[in-house]
Amino acid sequence: MRHNARLFFIPQKYRRKRKNVQYYFKSLLLLLLVGILALGGCQTLRTAETGVINLTLWQGVNPPPNRDVLQKLVDKFNQTHPKIQVESLYAGQQDQQTPKILAAVVGNAPPDLLWYNPTIAGQLVELQALIPLDEKLNNSPVKAEIDPALFESMEYQGQIWSLPFATNNVAVYYRPSLFKAAGITELPRTWEQFREVAKKLTRDTNGDGRINQYGMFLPLGKGEFTVFTWLPFMWSSGGELVKGEAEKASAVMLQNNPGAIAALQFWRNLIEDGSAMLSGPERGYETGDLIAGNVAMQVTGPWSLGEFTASGVDFGVFPIPVNQEPATSVGGENLFLFKTTPEREQAAFTFAEYAMSAEFQTELALGTGYLPINLKSRQDARYQEFVKKLPPVQVFLDQAEHGRSRPIFPGYNRISDSLGRAIESVLLSQNTPAEALKITQQRLDLIFK
């Protein structure tokens with residue numbers, strides 16, 4: 001032990017600096033917890049004095065006009081429920097929200113409601129921060145109106161831990177005028193057709209001897225957006241992330257996964273054909289090159305409809321091309337209800353029921369472009385008229401039945417990060433698909449086993 005202590009000896013002055021840094025960060029955490037607890041105390045006092053239950057909803061809705069739509073809907077709820085008042089608080093983007101959420105849970109002062117990606121569910125369940133919602137939802141008439149494809153994102157270890165707020169999925173946006181100029185008259189439905197169309201769309205349109213229009217835009221980077229848009233290709237090839245019905249990160253199976261290898265090779269083929277443009281690092285969600293006509297196709301979701309409509313360019317949408325079976329990634333956010341008191345939990349569920357109602361979902365969809373999670377909302381005359389005026393919406397609605405949700409067990413973020421690294425290394429020709437997945441599996445085995 002003494003020998004080891006000498007090996008790692010730190011001079012006194014540096015030990016003092018390290019202690020100062022530790023003290024600084026501990027102080028920041030303490031201040032954050034005190035602030036959260038103070039807010040919770042004030043809230044309890046207001047409830048005791050007035051009989052009104054004041055709830056907090058943390059959300060990261062973007063862009064800002066979408067937050068305005070949400071606020072109007074929250075205001076409407078508050079006007080019709082005088083004994084329950086909900087305060088909607090923008091808590092930043094999801095990577096910014098995570099430390100706030102965990103600090104609030106540790107400080108026993110969480111929000112009443114949280115708007116967040118379903119993949120956080122397992123972590124919050126492990127922290128025993130959430131209330132199970134099976135009984136409340138089973139007794140609610142709104143359960144029968146929820147899109148059945150969304151229950152996968154709500155359930156973990158046989159129980160329901162979150163409720164759907166809004167949904168989306170990914171498809172291929174394309175520029176019809178560029179298809180016409182290249183002599184393409186039919187949309188690609190299979191991988192083989194897609195690859196050939198991408199080649200035809202890769203052109204020198206100004207005669208200077210250099211390619212200035214590419215067939216496909218691919219996301220470069222290891223972030224979640226890359227993984228989110230790649231997963232449909234793996235699922236379409238029969239690939240899975242975990243073994244069977246396993247609900248733990250240690251069950252991930254990427255090595256010797258034919259579906260994952262095929263999906264990586266398909267993206268790599270587009271690069272080798274010279275028909276794909278790579279995004280900037282972690283900028284795969286940007287649609288500027290498609291709008292400008294520098295590329296002809298790109299995978300994105302209904303959240304891009306407003307941008308394309310405002311741009312004035314021609315555009316259309318078609319389903320993710322199929323290898324073995326149709327597939328797409330289901331995205332969107334769910335509502336999580338935290339453990340507080342029975343009265344507050346029931347009030348929070350009352351708001352969640354409202355958020356899942358056909359009335360709320362129709363207004364949200366018309367104002368933001370989100371797909372309604374409520375089946376009655378999708379049949380609403382106003383929404384039907386909206387879809388009629390904007391046909392690409394129907395593509396996303398039709399694709400929903402083939403949607404798959406990402407795992408929600410603890411540790412998914414580690415899997416996503418490692419898988420993103422594998423995708424990036426293949427696109428940059430650093431590894432073959434099989435090599436990249438072998439390295440990824442070894443990394444994940446070290447992490448989880």
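Helices (H or I, at least four residues) and strands (E, at least two) are taken here as DSSP runs, numbered from the N terminus. The model is predicted, so local features need pLDDT of at least 70 and side-chain atom pairs count only at pLDDT 80 or more, while totals for chains, interfaces and linings use all residues. Residues are numbered from 1 along each chain as its sequence is written, and side-chain values use heavy atoms, with hydrogens and water left out.

On this basis, the secondary structure of the chain comes to 20 helices and 13 strands. The chain has 449 residues, of which 49% count as buried; buried means under 20% relative accessible area, exposed over 50%, and partly exposed in between (1.4 Å probe, protein chains only). Contact means heavy atoms within 4.5 Å. Among contacts between residues at least 6 apart in sequence, 74% join residues at least 24 apart.

T202 counts as buried because its relative accessibility is 16%. Leaving aside neighbours within four places in sequence, T202 is in contact with I211, Q213, Y214, G215, G274 and S275.

Two strands pair if DSSP finds at least two bridges between them. Five strands form an open sheet with mixed pairing, in the order 9-8-10-7-11. Its edges are strand 9 (276–278) and strand 11 (316–318), each of which pairs on one side only. On average, neighbouring strands of this sheet are turned by 30° against each other, direction ignored; axes are lines fitted to C-alpha atoms, for helices over the stretch in contact, and angles run from 0 to 180 degrees between N-to-C directions. Strand 8 (residues 214–218) pairs with strand 9 in the parallel sense over three bridges, and F217 has M277 in strand 9 as its bridge partner.

Now to the packing of the side chains. A nonpolar core is a set of buried Ala, Val, Leu, Ile, Met, Phe, Trp, Tyr and Cys residues joined through side-chain atoms within 4.5 Å. The largest such core holds 68 residues, and W230 and M297 touch the most other members. Not counting residues up to four places away in sequence, W230 touches A260, A263, L264, W267, L419 and I423. Apart from this core lies another, of 40 residues, including V142, L335, F351 and M356.

The aromatic rings deserve a look of their own. Rings of Phe, Tyr and Trp (its six-membered ring) pair if their centres lie within 6.5 Å; planes under 30 degrees apart count as stacked, over 60 as edge-to-face and the rest as tilted. The structure holds 19 aromatic pairs. W191 and F266 are stacked, at 4.5 Å centre to centre with 15° between the planes. Because W191 lies in helix 9 and F266 in helix 11 (residues 258–272), this pair ties together parts that are 75 residues apart in sequence. Both partners are buried, W191 at 6% relative accessibility and F266 at 5%.

F233 and W267, in turn, form an edge-to-face pair, 5.7 Å centre to centre and with 75° between the planes. F233 lies in helix 10 (residues 224–236) and W267 in helix 11, so parts 34 residues apart in sequence are tied together by the pair. F233 counts as buried at 1% relative accessibility, and W267 is buried with a relative accessible area of 3%. One aromatic cluster is formed by Y174, F179, W191, F194, F233, F266, W267 and F318.
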